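Let's read a structure together, one feature at a time. Have the sequence and the 3D view open as we go.

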Amino acid sequence: ARTELLAWVDADLAEMRIQAGDVVGAKQVVEKSKAGLWEVVTAHGLLEIEREPELHSIYLPGVLPLVRVLMQDGELAMVLGNPSEALTGLKRGMELLKYTRSLPQLFHRLALLLARATRLVNAQGATGGALDKAVAECDGLLEQCLSVAVLEGGHDHNVIVQALVEQALLRTLQANDVTGRPEMPPTEEPAEGAEPPLVSVSAAVSACSQYLDAAAKACSMRLNLTHKPHTFSAAISPTAALPQWIKDAIQAQEAYQEQSRGKAPGGDLPEGRVLMEELMNLRRKQNQRPLHSDCVLAQLGSLHNIMKDVCPPYAAEACFPSPPTVSLESTLTPAPIGTVSIQWLESEVYAESTDPKVKLDPLQSMASVVYVVVSESAPDSDGNTAPEVACGVKTLRLEIVRDIHSAIRMCSADLEGAANDPDADLADMVEAAEELVIETAAQIRGLGGTEAAEALGLNHPTLDMGMDTSQTLMEDDEETDEPKKSFVDTEFVKRLELMMDSNSGISTVDAELAKHVRKIFHV
């Protein structure tokens with residue numbers, strides 16, 4: 001018991017060290033805690049239980065805190081750039097999970113970490129059949145994660161989005177694998193006993209697009225839950241089948257209202273409003289890590305199931321009816337021309353300081369954008385066109401992404417306001433919007449301002465938002481050609497705002513949009 005309690009303390013200490021920038025020190029604390037817990041579980045017979053299945057027990061002391069420590073250790077190993085070490089520890093944690101009584105949320109987090117470690121390891125050079133095998137293993141794990149999240153785990157939208165984007169990221173590895181991978185799926189079934197064919201580039205791109213589309217739907221549901229609680233609460237039908245802890249919450253709210261503002265006309269506080277407030281409160285608490293968090297997660301799962309039964313709009317607009325999946329048959333159809341699917345995934349990396357005066361090295365928050373853009377090629381000499389597919393990942397500092405998104409959001413608001421103002425200087429606003437588009441492409445593709453502008457076919461100079469001013473596009477006094485017609489307008493800027501939002505992303509089919517978006521995100 002003492003070792004388990006110290007493990008909780010060490011977990012909090014490691015978290016504080018991480019926040020202070022001492023990632024290496026946090027790893028040392030976790031390693032010490034892990035060693036102590038291994039001694040505890042070994043002394044209580046874990047190895048014997050693993051050898052003899054009939055001795056299986058879910059009450060073995062120390063196993064649950066050990067799984068949590070292995071997760072924290074694996075997360076730190078990935079932050080420090082050691083995904084292979086993380087993969088070994090997280091696999092062991094998944095094996096030990098069956099010897100515990102744990103809530104679905106613990107499995108969610110472990111499955112996502114394990115999938116991420118597998119992806120990072122295979123991104124270092126796995127190809128062909130080895131890569132396909134790793135993707136298939138992760139698929140099984142992430143599909144189970146989605147199933148548990150949707151059906152048992154309180155429908156955590158963050159978990160659902162992360163799992164879907166991880167599956168999309170795995171497809172980008174296949175789509176960009178150039179070691180003999182076929183472009184299109186095979187037209188014939190493989191011979192009996194033969195090795196399964198490699199997943200084609202077309203199938204990988206199609207699957208990636210579908211996973212990103214499902215992630216966009218999950219983001220939309222998350223926004224509905226944030227922006228429509230009053231709509232959901234008004235649609236809740238009264239029910240008597242409520243757990244006692246919810247009844248206590250309703251009574252506490254009624255008592256507070258009576259003491260502070262007097263009772264509402266017509267009697268007691270509406271039950272629907274209290275249920276919705278309690279649901280939102282539990283969702284805010286679900287990612288906290290105090291000792292009582294398991295109770296919060298259990299209550300959230302219970303209340304979510306009640307809400308699905310008593311509030312049809314909540315079930316329809318904020319929840320998947322079943323776990324989102326992508327079937328093998330659906331990937332045989334290529335993503336259509338005009339596909340624009342973009343999602344973001346945030347992470348943290350350890351960047352050692354180059355300043356000798358800096359004792360601690362804070363983590364850097366990063367954002368990886370996963371994209372599938374299918375545009376139409378220029379006509380050849382015979383007038384024929386073909387789809388041009390862009391599927392990949394780009395990683396930027398989260399701070400830069402948020403700065404660009406904030407600037408685009410303000411520009412979009414200005415353009416919308418100018419549309420109803422006859423005195424507004426729309427030309428200047430469009431020029432400012434073009435500068436933001438150039439800056440966005442420059443940051444994502446790692447180009448200078450001049451190169452980005454040329455790639456986009458725009459003639460305006462870029463704003464300096466953290467770029468080297470020597471790379472900024474300057475106007476050419478000797479330019480005599482007519483300026484090219486700009487594709488940047490109010491609607492395009494609104495779409496770009498969604499694309500650069502790390503909390504939502506976009507999924508649509510628009511051939512004209514795809515033609516320009518490809519130039520922003522892909523070489």
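**A buried aspartate and paired strands**

Q: Is D73 buried or exposed?
A: Buried means under 20% relative accessible area, exposed over 50%, and partly exposed in between, with a 1.4 Å probe and protein chains only as cover. D73 has 5% relative accessibility, so this residue counts as buried.

Q: What should I know about the model before going on?
A: This is a predicted model, where local features need pLDDT of at least 70, side-chain atom pairs count only at pLDDT 80 or more, and totals for chains, interfaces and linings use all residues. Residues are numbered from 1 along each chain as its sequence is written, and side-chain values use heavy atoms, leaving out hydrogens and water.

Q: Where is D73 found, and which residues is D73 in contact with, leaving aside neighbours within four places in sequence?
A: Helices are DSSP runs of H or I with at least four residues, strands are runs of E with at least two, and both are numbered from the N terminus. D73 sits in helix α4 (residues 63–79). Contact means heavy atoms within 4.5 Å; beyond those sequence neighbours, D73 touches K27, V30, E31, K34 and E85.

Q: How do I read strand pairing?
A: Two strands pair if DSSP finds at least two bridges between them. Here β1 (residues 339–350) runs antiparallel to β4 (residues 506–509), with 4 bridges, and I342 stands opposite I506. β1 also pairs with β2 (residues 363–376) in the antiparallel sense over 11 bridges, where E346 has A367 as its bridge partner.

Q: How many helices and strands does the chain have?
A: The chain has 19 helices and 4 strands.
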